[in-house]
Amino acid sequence: MGRYVGAIDQGTTSSRFIVFDRRGDIVAQAQKEHAQIYPRPGWVEHDAVEIWRNIQAVIGDGLALAGLVPADIVGVGIANQRETTLVWDRRTGAPLHNALVWQDTRVDAMANRLASEAGAGGRDRLRARTGLPLASYFSGLKLKWLLEHVPGLRAKAEAGEALFGTVDSWIVWNLTGGPEGGRHVTDVTNASRTQLLDINRLAWDEDILDLFAIPAVMLPRLVSSSEIYGEAHDVLAGVPVAGILGDQQAALVGQACFTPGEAKNTYGTGSFTLINTGETPFQSTCGLITTVAYQFGAAKAVYALEGSIAVTGALVQWLRDNLGLIPSSGEIEPLARSVENNGDVYIVPAFSGLYAPHWRPDARGVICGLTRFANKGHIARAALEASAYQTYDVLKAMVADSGIAITELRADGGMAANELLMQFQSDVLGVPVVRPKVVETTALGAAYAAGLATGYWTSAEDLKRNWGVDRRWEPTMPVHEREKLLGAWRKALERSLGWVE
């Protein structure tokens with residue numbers, strides 16, 4: 001048996017390959033960014049070929065850094081950006097369009113039209129079956145748009161010559177042979193983000209496929225999050241491909257949140273808060289979504305409530321790339337620390353509208369409270385604080401929905417390294433924020449899924465024993481100051497609404 005387990009973490013801005021040992025510690029990692037393509041305002045695309053090429057490169061680099069060969073890897077798991085929608089040719093493997101990224105808003109009008117149909121039930125018309133509101137966020141309407149706008153795609157799809165998948169499907173298909181016998185699958189966590197899955201039956205919903213005019217023949221086969229799907233070719237030749245989790249569900253697993261009531265927040269390009277709700281789907285009435293958290297092999301699926309925030313880390317990237325305010329993302333914390341407070345400046349980064357718990361596609365980004373006193377330090381601090389305020393809104397909805405008091409928040413993702421943000425998050429929430437010893441919990445969750453399927457780890461108890469605390473932040477802000485800040489944040493939110501007619 002090999003000594004390590006590998007994880008492909010394919011995110012919104014980059015792809016990584018990380019090798020873990022039995023204790024869940026990182027042995028080696030490699031990373032490569034890919035281009036963000038913006039054809040029009042609100043449209044976001046990725047080049048699927050570039051993503052696959054980068055994955056091959058980081059696998060090779062990661063193995064080389066650790067001095068390993070494929071035979072040293074017992075299995076590989078995949079964590080991926082969710083909802084991002086791909087179509088490709090079954091015979092050639094060529095993408096038939098750029099991938100439509102989860103942030104892309106081109107189907108807003110389509111979602112609005114379906115929600116406004118007489119007697120349809122508004123944005124919640126599909127919520128009972130899918131756990132999701134009608135929104136541009138999810139894959140189903142993106143696929144419908146592709147079928148309607150890519151010349152020849154519908155005919156190819158109906159003939160079984162075009163395949164659809166989220167990014168996990170694209171990776172597994174290529175990893176296991178592509179046109180030469182590649183497995184066309186998706187796990188139930190990613191399927192639950194398409195708005196095409198009945199989350200109660202864990203089956204594709206024929207009525208929704210008819211509503212969206214999507215040929216069932218182009219859909220991947222549904223599988224669990226932890227089982228052997230096939231053997232890898234090329235740079236991981238012979239290694240079992242044995243785990244798939246949407247990135248946020250992977251982080252929940254990586255944080256060992258296996259008990260109902262345990263919650264985590266991943267601070268990445270966007271931020272995503274999940275709370276484990278057990279083996280029964282829990283319908284939200286407060287603007288959250290119901291999602292499949294994980295399913296290990298033949299065991300029952302476990303569900304979660306989730307609050308998805310479109311823009312958190314992406315706001316820091318915007319300050320870096322679009323405004324040139326900082327030379328690198330790591331400079332945001334020292335710049336924010338150069339001022340004592342936010343100078344009454346608030347940023348609502350509604351670049352693609354507002355997601356949970358507001359679901360307002362008509363919102364757009366605003367910077368409020370500017371005076372001649374404000375400087376770039378205040379802008380930087382307001383950008384970090386925006387992540388904390390949006391997380392507060394989601395957790396407030398989560399408590400209202402579930403009736404479960406949040407006693408601590410487990411934090412991970414790239415921005416969890418920002419200690420100013422972590423302290424402010426604890427202050428705003430009024431509860432401790434805990435950062436684990438391994439913050440790469442997304443990749444770790446994918447590795448755990450693969451390790452369970454291959455016997456590298458034997459149970460969730462093994463994974464719980466690996467979890468440990470790196471640092472814990474306690475709230476120190478006076479209540480009256482917290483309430484003042486939250487009041488101003490609510491005013492800024494109001495000013496972001498209704499921008500798009």
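This is a predicted model: local features need pLDDT of at least 70, side-chain atom pairs count only at pLDDT 80 or more; totals for chains, interfaces and linings use all residues.
**Exercise 1.** Compare the radius of gyration of the chain with that of a compact globule.

Solution. The chain has 501 residues, for which a compact globule would have a radius of gyration near 23 Å. The value for the chain is 22 Å, so the two agree. Along the principal axes, the C-alpha atoms fill a box of roughly 65 × 55 × 45 Å. Of the 501 residues, 63% are buried. Among contacts between residues at least 6 apart in sequence, 71% join residues at least 24 apart.

**Exercise 2.** Check the span of helix H16 against its number of residues.

Solution. H16 covers residues 479-496, which is 18 residues. The expected span is 1.5 Å times one less than the number of residues. This gives 26 Å, and the end C-alpha atoms are 26 Å apart, which agrees. Just after H16, Gly498 has a positive phi of about 75°.

**Exercise 3.** Which residues of H16 are buried, and how are they arranged around the axis?

Solution. Take buried as under 20% relative accessible area. The buried residues are Arg482, Leu485, Leu486, Ala488, Trp489, Ala492, Leu493 and Ser496. They cover an arc of only 160° around the axis, and therefore lie on the same side of H16. An α-helix has 3.6 residues a turn, so residues three or four places apart point the same way. The face turned away from the buried side carries the exposed residues Val479, His480, Lys484, Lys491, Glu494 and Arg495.

**Exercise 4.** Which elements do the buried residues of H16 pack against?

Solution. Two strands are S19 (346-348) and S20 (366-368). Two helices are H12 (376-402) and H13 (419-429).

Notes: Residues are numbered from 1 along each chain as its sequence is written. Side-chain values use heavy atoms; hydrogens and water are left out. Helices (H or I, at least four residues) and strands (E, at least two) are DSSP runs, numbered from the N terminus. Buried means under 20% relative accessible area, exposed over 50%, partly exposed in between (1.4 Å probe, protein chains only). The arc is that of the directions from the helix axis to the C-beta atoms. Contact means heavy atoms within 4.5 Å. The radius of gyration is taken over C-alpha atoms; the globule rule is 2.2 Å times the number of residues to the power 0.38.
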